Amino acid sequence: MGGMHGFGPVEREADEPVFHEWWEAHAAALSLVTSFAGLRASGIRQAIESLDPATYLASSYYERWARSLEDALVGAGTLTAAEIDDRAATVAVGPTASEDTNPGMVGLVHAVLDSPCATSGVPVDGRFAVGDRVTVRRMAPAAHHRCPRYVRGVTGVVARAGTGWPHPGSDEPEAVYTVRFAMRDLWGHDAEAGHLYLDLWERYLT
Amino acid sequence: MSEHHHPSPVSPVERRVAAIEALLVEKGLITSDVVDAVIETYEHDVGPLRGARVVARAWVDGDYRARLLADGTRAVGELGLGGAEGEHLVVLENSPEVHNVVVCTLCSCYPWPVLGLPPRWYKSFAYRSRAVREPRAVLAEMGTTVPDDVEVRVWDSSAEVRYMVLPLRPAGTEGLAEDELVPLVTRDHMIGTAR
């Protein structure tokens, strides 16, 4: 999405609520709760970015969460598309209250969402050091990744190094670098002045 | 939509969310108190006031500021804050020479424990597409003109790090206490769309 033209001005809303509709809140909460409960085939970001591009662009933010929630539940066999279709035709629209409670899971929600946590990432000695010039590989991966199109082929300078995380789809930590790009190198001679910083896994760089 | 005073018609996505929730509850896979706990956390507890407390502390306490810039996750933990989407928080210091602004072009990554869930404009295609290409123009539209002699640094937080801006302490606030500084800090200051 970075750099695309034609989306117009940034529209802001005064006194915006956290959620505009009940189902937005529930799409978000169900996405998180089904993650905690191990009911999904894929994580939230991965599932959202796996939506087909036309659906993605035609959907609002929480519509994307809702669609990806459904995909992840169906993918894991937790629900079937047919039973969701059938139920959607007759359901009383609104939240469902259960008689059962799960205090242990409520405690987990507070621990995971609203409690101090350890700093993620592990020390990794990568191929590059702060100050090195690096170029983002030209590539078109089909699998989930975190390398925006607009930096591919562009050269920048490593601004931060030394920490690693597993790349999506991997369990092994891999060095991630914060790379500083000149706006002119990204967008051409008439670009604004200034710099852009982006975190990139080592596999994206040469 | 909130600008309407009558309820929106039932949409297909609304029906599907209702169906999914009903099925998960009936199968005994989830309980509604857990769903409610998530919603209440972000509607009532975790929001930009959290980040404003962090900023105010950093403005009055130089040692805290240094710890915050060295390891944001650990330093906000000192104030009892942290959680999902804040596991590796990096705090970006504005200065008279530098202005930082944060965007996520891939989804809408955002430091939830200090800012809550992101506003619609942050998630909009317009902000996500333009903030990396013409940040000065976007900021000017939003009411913040960054002087030409100030370097703009855009941070596209598309991987594991989540970013928050530590704004400049406003001139003339030297006499204010930490609690009095908190209300001066807005969400826009901490995203970098205000200076």
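Leaving aside the neighbours within four places in sequence, His144(A) is in contact with Gln46(A), Glu49(A), Ser50(A), Pro168(A) and Gly169(A). The structure in which these contacts occur is a predicted model. In this model 77 residues of chain B are in contact with 77 residues of chain A, and a strand of chain A, E5(A), pairs in the parallel sense with a strand of chain B, E3(B).

**His144(A) and its surroundings**

- His144(A) sits in the loop of chain A that runs between strand E2 (133–135) and strand E3 (155–166).
- Because 15 C-beta neighbours lie inside 10 Å of His144(A), this residue counts as partly exposed.
- His144(A) and Ala47(A) are separated by 97 residues in sequence, yet from C-alpha to C-alpha they are 9.2 Å apart in space.

**Strand E5(A) and its two partners**

- Strand E5 of chain A covers residues 195–201, and 7 of its 7 residues are buried, so E5(A) is largely enclosed by the rest of the structure.
- Both faces of E5(A) are covered, with His195(A), Tyr197(A), Asp199(A) and Trp201(A) buried on one side, and Leu196(A), Leu198(A) and Leu200(A) buried on the other.
- Within chain A, strand E4 (residues 173–182) pairs with E5(A) in the antiparallel sense over 7 bridges, and in this strand pair Val176(A) has Trp201(A) of E5(A) as its bridge partner.
- Across to chain B, E5(A) and E3(B) pair in the parallel sense over 4 bridges; here His195(A) stands opposite Arg153(B), while Tyr197(A) has Trp155(B) as its bridge partner.

**Helices H1(A) and H4(A)**

- Helix H1 (residues 22–36) and helix H4 (residues 61–75) of chain A pack at an angle of about 35°, with their axes 9 Å apart, and their crossing is left-handed.
- From H1(A), the residues Glu24(A), Ala27(A), Ala28(A), Leu30(A), Ser31(A) and Thr34(A) meet Tyr62(A), Trp65(A), Ala66(A), Leu69(A) and Leu73(A) of H4(A).
- Sorted by class, this contact of H1(A) with H4(A) has 8 nonpolar, 2 polar and 1 charged residues.

**The contact between the chains, seen from chain B**

- The contact joins 77 residues of chain B to 77 residues of chain A, and the elements of chain B that each supply at least two residues to the side touching chain A are helices H1 (12–26), H2 (32–45), H5 (72–78), H7 (120–123), H8 (125–130) and H9 (135–141), together with strand E3 (151–156).
- H1(B) gives the most to this side of chain B, with 12 residues.
- By class, the side of chain B that touches chain A has 38 nonpolar, 18 polar and 21 charged residues.

**Chain B as a whole**

- Chain B has 11 helices and 4 strands, and its C-alpha atoms fill a box of roughly 55 × 35 × 35 Å along the principal axes.
- Chain B is divided into domain 1 (12–44) and domain 2 (47–191), and the C-alpha centres of these domains lie 31 Å apart.
- Of the 195 residues of chain B, 53% count as buried.
- Among the contacts in chain B with a separation of 6 or more, 71% are between residues 24 or more positions apart.

How values were computed
Residues are numbered from 1 along each chain as its sequence is written. Chains are lettered from A and ligands numbered from 1 in the order in which they are written. This is a predicted model: local features need pLDDT of at least 70, side-chain atom pairs count only at pLDDT 80 or more; totals for chains, interfaces and linings use all residues. Two residues are in contact if their C-beta atoms, placed from the backbone, lie within 7 Å. Ala, Val, Leu, Ile, Met, Phe, Trp, Tyr, Cys and Pro count as nonpolar, Asp, Glu, Lys and Arg as charged, and the others, Gly among them, as polar. Two strands pair if DSSP finds at least two bridges between them. Domain bounds come from an automatic or database domain assignment. Axes are lines fitted to C-alpha atoms, for helices over the stretch in contact, and angles run from 0 to 180 degrees between N-to-C directions. A crossing is left-handed if the near helix is turned anticlockwise from the far one by less than a right angle, and right-handed if clockwise. A residue is buried if 20 or more other C-beta atoms lie within 10 Å of its own, exposed if 12 or fewer, and partly exposed in between; C-beta atoms are placed from the backbone.
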